[in-house]
Structure formats: C-alpha cells, structure tokens
Amino acid sequence: MKFAFSTLGVPGLALSEVLRLAVAHGYHGVELRAHPEEPVHPGLSPDERDDVAAAFKAAGVEVLGLAGYARVAAPRDDEPVIEEIRALVELAAAVGAPFVRVFPGGTDEQAPGEADAVAARRLGTAAEYAADLGVRILLETHDSHRTGADAMRVLGLVGHRQVGALWDVMHTWLGGEQPLETYAALSPYLGYVQVKDIASAEDTTPLALGAGVLPLAECVEVLTRHGWDGWLCWEYEKRWYEAAQPLPELLGGGREHLGRLLNDSA
C-alpha cells in the first residue's frame with residue numbers, strides 16, 4: 001500500500017512546505033484540499049496548474065486526489081452541482097490527480113430513496129466528462145451516507161467505472177459498521193481509504209494515529225487479507241480543531257504507525 005496525508009491537516013501551508021514534509025517523512029502522496037483558502041483550487045490559472053504538477057513531479061510525490069466539497073445528493077438544481085464537479089475534474093486532470101472527492105449531502109427532508117436517486121443522476125452525468133479526462137469521482141462515506149451500505153445504494157445506481165467510493169474509516173465506524181462489512185460493500189468501487197483517529201464518538205478531535213479508538217488495525221488487516229493494494233490517506237482535520245496538535249509534529253510517527261499496521265497484517 002501507499003501512504004499519503006491530506007492538506008486539511010496543514011491548512012493554508014505553502015505547497016513547497018507540504019511537499020517538503022511529504023518527502024521528509026516518507027509519504028508517497030498528498031491529498032489536496034481543493035478550497036479557495038488553500039494553495040490549490042479550481043480558480044488557478046492554466047500556468048498555475050502546470051506549476052503545481054511540476055512541483056509534485058520534481059519532489060517525486062504523487063497527487064493522490066482533490067478533496068472537493070460538491071454535495072451530490074443535496075436538494076438543489078442539478079447543473080450547479082455538476083458544474084462544481086466538472087471544475088474539480090478539470091483541475092485534477094491538469095495537476096495529475098487520479099481522484100476527486102465529493103460528499104453525499106442529502107437531508108432528512110428528502111423522501112426515502114430521493115437522495116440516492118439525485119446523487120446517482122448527477123454522478124452519472126459527471127462520470128462521462130470525468131472519463132474523457134481520465135479522472136475518477138469518489139463518493140465519500142460521510143454525512144447522509146456515512147456507511148458503506150449507504151454509499152453502495154448510490155454507486156449501484158450509477159454503475160459507471162469512473163465513479164467509486166472513498167472510505168472514511170471514522171464515519172463508517174460512527175455509523176456502526178464493522179470494517180469487514182464496509183469492505184464487502186465498497187470493494188467493487190473502492191478508490192482509496194482515509195484513516196484517522198479520535199478519542200471517542202463524542203469527541204472527534206483528531207489524534208495521532210493509534211492514540212484513539214478507531215479500528216485502524218482491523219481495517220488494514222481486512223484490506224490486506226483481500227489483496228487490496230491501494231492508498232491509505234491520513235486525514236487529520238486540523239482545519240476544524242484549532243486546539244489539535246500540529247500535524248507536522250505527528251507525520252513521522254504516523255508514517256511509522258501505518259508501516260507497522262501493514263507489517264502486522266502481512
């Protein structure tokens with residue numbers, strides 16, 4: 001497996017410093033939070049996009065994916081959502097990222113099955129555009145569709161190879177799903193896995209990997225046992241938790257912990 005970390009853990013940090021941290025601590029890739037307050041976002045010019053791709057190539061680090069904020073099941077007009085995804089896909093293609101992350105974003109006001117159908121319709125439309133550019137759109141296990149079973153309802157309706165799943169281990173755990181259950185649901189669609197750690201279901205402040213309650217060892221064991229050889233990406237949500245320990249101080253230990261989990265599961 002390959003290891004990455006998300007720039008959500010180092011909000012606003014210059015790309016050169018992000019890449020320095022990745023190289024220094026042995027991470028193979030970086031997930032870029034694609035938001036206007038970050039260095040890489042859909043508002044970049046063509047030259048700026050080329051500069052991002054060149055910086056990653058020079059550092060020998062891969063762009064794992066773009067973490068976007070399109071909410072594909074949200075009750076609103078289709079076109080703005082599809083255009084948001086298209087903009088992310090175009091940016092991903094330009095900087096060399098194989099994946100784009102989107103959220104479900106359904107609401108309690110929607111009728112049963114409505115959020116699934118809305119999300120599938122939009123993802124199916126965006127998938128054709130993504131296919132032309134060689135980018136895969138990943139629906140994260142999050143908010144209204146936090147378990148693998150929830151996400152599978154949408155992905156089964158889409159039925160397109162360019163639309164897959166992003167497994168956020170915290171949300172599936174909070175949804176009461178065991179790692180083996182999640183893998184069974186998502187394995188036909190799995191793009192990559194976001195790992196993290198927290199103190200409890202009530203306190204989701206990010207912790208160093210291995211310092212909390214999430215079943216990381218079991219997740220890695222399940223993936224290894226089934227021959228999955230993709231990416232584990234550490235999403236440390238410093239952006240939302242100012243009191244959390246700075247991620248750069250933890251990156252070395254986190255890389256070592258992921259390596260131990262992988263070795264123990266072999």
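Select strand 2 (residues 29-33), helix 2 (residues 46-59) and strand 3 of this predicted model: together they form a right-handed β-α-β unit. Right-handed here means that, with the strands pointing away from the viewer, the path from the first strand over the helix to the second runs clockwise. Helices (H or I, at least four residues) and strands (E, at least two) are DSSP runs, numbered from the N terminus. Residues are numbered from 1 along each chain as its sequence is written. Because the model is predicted, local features need pLDDT of at least 70 and side-chain atom pairs pLDDT 80 or more, whereas totals for chains, interfaces and linings use all residues.

Valine 30 has valine 63 of strand 3 as its bridge partner.

Now colour strand 3 by accessibility. Seven of the ten residues in strand 3 (residues 62-71) are buried, so the strand is largely enclosed by the rest of the structure; buried means under 20% relative accessible area (1.4 Å probe, protein chains only).

Leucine 66 has valine 100 of strand 4 as its bridge partner.

Key
Side-chain values use heavy atoms; hydrogens and water are left out. Buried means under 20% relative accessible area, exposed over 50%, partly exposed in between (1.4 Å probe, protein chains only). Two strands pair if DSSP finds at least two bridges between them.
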